[in-house]
Amino acid sequence: MKPILNLIKFSFLTLFLCGVLTSAMAAAPYPVYMTQQGKVTLGLKTPLNTGEEAIWTADGASVTPNADGSYTIDATGKAVGVHTYKVFLKSPSLCNGDVLEYEVYILPTPTVELTASSNLYCTNAETPLSELTATATAAPLPAGVEYKFIWEGTLAGTTKNPADEWGELAASTATSSTFKFTTTEVGTFDLKVKVEYSLPAGSTSVLRSDAATYGSMVSAPQSIVVAPKPATPEIIVVAE
């Protein structure tokens with residue numbers, strides 16, 4: 001019975017380790033992240049020798065490389081997720097070298113929604129007078145890339161950074177950013193948020209995007225009206 005029990009234990013241990021390794025590999029940062037419409041060229045560190053060819057495949061299909069053996073990826077129309085590129089060298093004598101595999105992650109187009117706890121308050125209200133929360137909504141992000149939130153506001157046609165004069169940024173999460181609006185300046189304030197992808201500090205990955213259309217998105221604006229505190233009334237005796 002012991003050999004059988006040991007075999008069962010070994011089998012469970014093997015399955016457990018395989019699961020751990022698979023999860024670890026899935027969570028590892030990718031060398032390249034791209035957004036739709038982004039482009040990146042995968043080059044060869046060592047130039048081709050005379051007569052050599054670089055043989056590339058993209059997700060298992062043969063593709064045509066550039067004249068120098070590099071391959072340019074255009075993310076337009078490609079599905080969100082991991083795409084696998086393989087390359088090997090073929091010599092003039094038709095000998096094949098080892099295959100190198102490279103993974104690129106195509107990111108979804110981000111979207112962002114901006115909500116406010118209140119769009120109207122008086123200058124004598126308790127703080128925080130209003131809280132605005134920007135929430136990025138897209139497919140779950142892979143490890144190694146994150147959202148960046150950029151706040152912008154206008155007052156009487158002048159564009160400003162809200163955190164400089166109108167309040168402060170509260171703690172952010174991986175998918176949201178909150179701004180505490182605390183100014184007592186009277187007026188109508190229009191705020192909006194741009195969300196874009198960024199790489200964490202220390203990352204060795206590459207991020208390529210067409211930021212003008214697919215790499216970032218701007219929220220619809222939220223208007224916050226700050227109304228003046230009414231004057232304190234003075235009581236007088238009205239003559240009869």
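Reader: What is a salt bridge here, and how far apart are the closest N and O atoms of lysine 86 and glutamate 101?
Author: A salt bridge is a side-chain nitrogen of Lys or Arg within 4 Å of a carboxyl oxygen of Asp or Glu. The model is a predicted one. Lysine 86 and glutamate 101 form such a bridge, and their closest N and O atoms are separated by 3.8 Å.

Reader: Which strands hold lysine 86 and glutamate 101?
Author: The pair links distant parts of the chain, its two members being 15 residues apart. Lysine 86 is in strand S6 (residues 81-90), and glutamate 101 is in strand S7 (residues 100-106).

Reader: Why does glutamate 101 count as partly exposed?
Author: Partly exposed covers the range between the buried limit, under 20% relative accessible area, and the exposed limit, over 50%. Glutamate 101 counts as partly exposed because its relative accessibility is 46%.

Reader: How many residues apart are lysine 192 and glutamate 152, which form a salt bridge?
Author: The closest N and O atoms of lysine 192 and glutamate 152 are 3.7 Å apart.

Reader: In what order do the four strands of the open sheet run, and which are the edge strands?
Author: The order is S8-S10-S14-S13, with antiparallel pairing. An edge strand pairs on one side only, and that applies to strand S8 (111-116) and strand S13 (167-169).

Reader: Which residue in S14 stands opposite alanine 134?
Author: Strand S10 (residues 130-137) pairs with strand S14 (residues 176-181) over six bridges, in the antiparallel sense. In S14, the residue opposite alanine 134 is serine 177.

Reader: What separates the C-alpha atoms of valine 225 and asparagine 119?
Author: Valine 225 belongs to strand S18 (residues 222-227) and is partly exposed, at 31% relative accessible area. Leaving out residues up to four places away in sequence, valine 225 touches Asn119, Leu120, Tyr121, Gly187 and Thr188. Valine 225 and asparagine 119 are 106 residues apart along the chain, yet the separation of their C-alpha atoms is 6.1 Å.

Definitions and conventions. Residues are numbered from 1 along each chain as its sequence is written. This is a predicted model: local features need pLDDT of at least 70, side-chain atom pairs count only at pLDDT 80 or more; totals for chains, interfaces and linings use all residues. Side-chain values use heavy atoms; hydrogens and water are left out. Two strands pair if DSSP finds at least two bridges between them. Buried means under 20% relative accessible area, exposed over 50%, partly exposed in between (1.4 Å probe, protein chains only). Contact means heavy atoms within 4.5 Å.
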